[in-house]
Amino acid sequence: GRVAVEKAFSILFFTKESIVQKIIFELKYKQNKKAGYLLGRIIANELNLFQANSPIDYMIPIPISKQKIRSRGYNQSKLLCETIYQNGYKVQVADCLIKIKGGKTQTNKDRLHRAENRKPIFKLNPTIKLNNKHLLVVDDVLTTGATLEMACKCLWQAKPASIQIVTAAYTLA
């Protein structure tokens, strides 16, 4: 209820010591793109089944810092988007959000500390026009929703027609 979204859904449930945790860990910290391809295929299957009639103009990956891209070799959310597209969900992938320098990782923060971070961490890419467009924001894991909330608040500045969210997994922090 903190930001307006038309739909939000996650494909898998993430718990400690689960196979989902292992797949996400491989994707984010072991540079295992195959984990992203697997998750992207699963998400594409669900989108193709349940979102076939939903008008989406752009899939928007959550951006990460340049430093993380250098160390990881890729943005896991963008990899998911590209894999979703390659598996039949033919919606253009657009880098509409830009990560603002200086944002700290929230991986080791609890729900309370994530919610306290209210400084903007994204800005709009001025080259992509989002007015009256239907957007699907894609991320790997939904924990507290703080990152996705900030992304959606930023995107709403461009006056899209709607915003939906999909994540590979969600967890209860």
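(Buried means under 20% relative accessible area, exposed means over 50%, and partly exposed is in between, using a 1.4 Å probe and protein chains only.)

What you have open is a predicted model, numbered from 1 along each chain as its sequence is written, with heavy atoms used for side-chain values and hydrogens and water left out. Local features need pLDDT of at least 70 and side-chain atom pairs count only at pLDDT 80 or more, while totals for chains, interfaces and linings use all residues.

Stop 1: (Helices, H or I with at least four residues, and strands, E with at least two, are DSSP runs numbered from the N terminus.)

**Stop 2: Lys28 and Asp140.** Here's another salt bridge, this time with 3.3 Å between the closest N and O atoms. Lysine 28 is in helix 1 (residues 19-29) and aspartate 140 in strand 6 (residues 134-142), so the pair ties together parts 112 residues apart in sequence. Are these two buried or exposed? Lysine 28 counts as buried at 17% relative accessibility, and aspartate 140 is buried too, at 2%.

**Stop 3: Lys78 and Asp95.** Their side chains meet in a salt bridge (2.7 Å, N to O). Lysine 78 belongs to helix 4 (residues 76-86), and aspartate 95 to the loop between strand 3 (92-93) and strand 4 (97-99). Lysine 78 is partly exposed at 26%, as is aspartate 95 at 35%.

**Stop 4: the surface.** Select Lys66, Arg70, Lys101 and Lys123, which gather in a patch of positive charge. (Patch residues have over 30% relative accessible area and no salt bridge, and like charges are joined within 9 Å.) Lysine 66 is in helix 3 (residues 66-72) and counts as exposed at 68% relative accessibility.

**Last stop: zoom out.** Colour by secondary structure and look for 6 helices and 7 strands. Of the chain's 173 residues, 43% count as buried.

Technical notes. Patch = residues over 30% accessible without salt bridge, like charges linked within 9 Å, V, L, I, M, F, W, Y side chains within 5 Å. Areas by Shrake-Rupley, 256 points an atom, 1.4 Å probe, with all protein chains shown as cover. Salt bridge = Lys/Arg side-chain N within 4 Å of Asp/Glu carboxyl O. Lys, Arg positive; Asp, Glu negative; His and termini not counted. Charge placed at Lys NZ, Arg CZ, Asp CG, Glu CD.
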